[in-house]
Amino acid sequence: MRLACLSLSVAASVLCTTVAADTFGDPVAGEVVFANCKACHKVGPEAGNGIGPHLNGLFGRAAAGLEGFRYSRSLQRAGSNGLEWHADTLDAFLEDPRGYASGTRMSFRGLKDQEERLDVIAYLRGFSADPANFPEADPTATATDHDIDPEILAIEGDAEYGEYLSSECTTCHRADGGDDGIPSIVLWPEQDFKIALQAYKNEQRSHPVMQMIARRLNDEEIAALAAYFGSLEN
Amino acid sequence: MTMNRRMFLGTTAAASAVLSAPSVLADGHAKPRVVVIGGGAGGATAARYIAKDSEGAIDVTLIEPSKAYYTCFFSNLYLGGFKDIEDIGHSYGGLAATGVNVIHDWAVGVDRDTKTVTLAGGDTVAYDKLILSPGIDFVEGAVEGWDISAQNAMPHAFKAGSQTELLKAQLMAMPEGGTFAMVAPPNPYRCPPGPYERVSMVAHYLKANNPTAKILIADPKPSFSKQGLFEEGWNTYYAGMIDRIGPDFGGANVSVDPAAMTLSIDGEVTNVDVCNVIPAMKAGRIAELAGVTDGNWAPVNAADMSTKADPDVYVLGDSAQQGDMPKSGFSANSQAKVCANAVRGALTGSRVFPAKFANTCWSLIATDDGVKVGATYEATDEKIAKVDGFVSTTGESAEIRKATYEESEGWYTGITSDMFGNAV
Ligand SMILES: Cc1cc2nc3c(=O)[nH]c(=O)nc-3n(C[C@H](O)[C@H](O)[C@H](O)COP(=O)(O)OP(=O)(O)OC[C@H]3O[C@@H](n4cnc5c(N)ncnc54)[C@H](O)[C@@H]3O)c2cc1C
């Protein structure tokens with residue numbers, strides 16, 4: 001199905017139901033849409049994995065296909081069942097991430113606007129080695145570039161204390177990484193976790209519950225939580 | 001032995017360990033035993049955390065009569081048609097899989113001298129540490145004309161399950177233009193915004209199905225939780241439908257006649273079609289039987305939720321008199337984790353960390369219009385004391401309100417998995 005759809009899309013614009021085949025997204029507009037994704041996904045020359053996997057060479061990559069990134073079981077299963085990322089699969093995934101892969105830890109409600117999806121997919125295409133075969137595609141998130149004192153970020157956390165403290169988080173954030181309206185926080189890189197909580201604490205990020213919770217965590221406690229959530233088994 | 005009267009979900013080996021003759025910790029060969037009475041927000045969480053974190057070093061037994069726990073939280077959303085009854089029902093399979101011995105029976109007595117709990121089935125279960133989280137019971141004679149035998153004619157629906165289904169059936173059967181009455185409870189009671197979220201959900205149902213119907217609230221309290229937010233919503237969505245009579249107009253001077261289906265407020269008698277009587281509350285009766293209550297509630301020490309009466313008996317959730325936390329599922333769950341950490345430390349020497357508590361209560365006013373109130377708390381020598389808090393504001397954007405509702409759905413899944421683990 002996918003292949004048929006894609007090959008047709010290159011030649012003519014018929015019969016493709018998932019993505020209107022002749023519509024090619026605008027990569028420049030896509031870069032703007034990508035701001036939604038940036039907190040978790042990096043792309044470009046220096047890009048590495050963060051909360052989410054980096055998105056270089058995404059096209060043609062098997063789902064859960066990057067070595068060294070701890071994917072949800074749901075995406076691992078999809079990958080071993082043959083799911084590959086291409087314009088059409090990305091389009092479907094991005095429209096409704098959890099509808100497409102129910103256990104994904106990607107805490108993003110999706111891009112309902114098809115044009116935005118096409119644009120961001122087009123933007124990402126530019127970071128795949130051989131974009132020639134691929135039409136358009138898109139992704140997820142929000143920026144983490146807050147100014148946090150590096151000394152605070154360098155604190156080593158006590159994971160056992162973090163485990164105790166985490167029980168306060170798991171009243172809302174599911175320990176298994178699921179998300180039904182409250183984002184997943186498991187298996188984040190420790191630095192990202194610390195930055196996020198510090199940013200709530202300093203009110204650089206706005207959410208009344210999270211600001212309240214973070215305000216009374218000291219720097220060691222934030223580090224402890226980061227250490228614990230970063231160390232969970234998948 | 002009346003094995004047939006009970007159901008064990010734990011493994012046979014684990015269950016028989018619990019049934020073995022009472023032994024004391026000092027024996028050296030027996031594992032320490034924790035018994036939890038009540039498998040709700042507080043008890044299920046405490047049992048699960050102690051079993052999970054002690055990794056088999058502690059025998060944990062949970063005593064709970066029901067095989068299915070229906071959460072009070074979100075039960076109002078069921079009344080409003082936003083949830084099905086199955087959505088709010090949970091079984092104990094996940095706890096059994098975590099190694100908790102689940103005994104489906106009532107605890108009918110606690111002997112604190114011999115450290116045993118007696119079950120309705122006749123057996124006794126020995127404990128080293130006992131945790132009570134039995135929720136609430138109603139104060140007898142609190143509403144003139146109503147007692148528990150009237151709960152079918154005039155349901156409280158403040159313990160979820162068949163009572164909630166009954167109230168919904170009565171709501172649906174109301175005649176066109178009929179009256180839904182609520183007798184609201186005095187403080188303190190479980191879920192401060194609960195009665196008012198219920199009014200919102202009943203109004204939501206009536207607006208769509210019986211728009212000329214009226215809601216009459218008799219309220220003994222001069223003010224209530226999130227009042228500004230609720231009243232703003234009632235004016236926006238349900239203008240002219242809801243009439244609340246506070247104490248200044250006799251809302252505290254109420255009697256009911258369940259046979260005649262009348263409600264009298266300050267001597268004025270009204271015929272009503274549904275009468276939701278929510279009487280004054282007190283600790284679950286087993287707390288009283290255990291002798292750890294003082295007045296209506298069980299006073300506890302904030303640092304670990306142990307009772308003032310007995311350092312080996314702990315009380316969680318609604319039954320506890322702890323200080324500033326509202327009686328909510330979130331609070332019970334938060335207290336359970338502090339208690340679990342302390343109990344495990346006392347029995348196995350594991351690390352004990354300082355108590356931290358939190359609560360957030362979401363309420364739904366209308367479709368996609370959610371509000372919330374929350375606070376954090378710490379343990380002081382006298383009580384659980386509030387540190388910090390927030391509340392939604394009137395006039396918030398529709399987007400914020402929608403996001404708040406969606407967040408409450410995430411919370412519901414989160415807290416129920418945190419209480420029951422993942423069912424197998
Ligand atoms: C309409 C309504 C809406 C609510 N909404 C919310 C909300 O949105 N958010 C929120 O956080 N809270 C909410 N609550 C409050 C919440 O349900 C309670 O605060 C919470 O359930 C208290 O937990 P608990 O462990 O003390 O008692 P419960 O959860 O009631 O558990 C008590 C358990 O003990 C068992 N039990 C009692 N006696 C015995 C005995 N003798 N032997 C064995 N077992 C026994 C009972 O069967 C029951 O399962 C709401 C309540 C109501 C009524």
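A polar contact, as I use the term here, is a pair of N or O atoms within 3.5 Å. I kept in mind throughout that this is a predicted model.

**Entry 1, the ligand.** I began with B:Ser133, where an N or O atom in the side chain is 2.7 Å from an oxygen atom of the ligand, so this pair falls within the 3.5 Å limit for a polar contact. I then looked up B:Tyr69, which places a polar side-chain atom 2.5 Å from a ligand oxygen atom, and B:Phe330, which uses a backbone N or O atom at 2.9 Å from an oxygen atom of the ligand. The protein covers 93% of the 1,000 Å² of accessible area that the ligand has on its own.

Which residues come nearest to the ligand? Of the 34 around it, I noted B:Glu64, B:Tyr69, B:Ser133, B:Arg190 and B:Asp318. I sorted the shell by class and found 17 nonpolar, 11 polar and 6 charged residues, and of the elements α9(B) gives the most, with 3 residues.

I turned to the interface, where 26 residues of chain A are in contact with 36 residues of chain B, and where the chains bury about 2,500 Å² between them, 55% of it on carbon and sulfur atoms. I counted 5 salt bridges between chain A and chain B, and I looked up the one in which the side chains of A:Glu160 and B:Arg351 meet at 3.2 Å, N to O. On the side of chain A that touches chain B, α8 (159-169) and α10 (208-215) of chain A are the elements giving two or more residues, and α8(A) gives the most, with 7. By class, I recorded 10 nonpolar, 5 polar and 11 charged residues on that side of chain A.

Notes:
Residues numbered from 1 in each chain as written. Chains lettered and ligands numbered in written order. Predicted model: local features only at pLDDT ≥ 70, side-chain atom pairs only at ≥ 80, totals over all residues. Heavy atoms only, no water. Contact = heavy atoms within 4.5 Å. Buried area = accessible area lost by both parts, 1.4 Å probe. Salt bridge = Lys/Arg side-chain N within 4 Å of Asp/Glu carboxyl O. Helix = DSSP H or I, 4+ residues; strand = E, 2+ residues; numbered from the N terminus. Nonpolar A, V, L, I, M, F, W, Y, C, P; charged D, E, K, R; others polar. Near = heavy atom within 4 Å. Polar contact = N/O pair within 3.5 Å; in protein donor to acceptor, adjacent residues only side chain to side chain. Areas by Shrake-Rupley, 256 points an atom, 1.4 Å probe, with all protein chains shown as cover.
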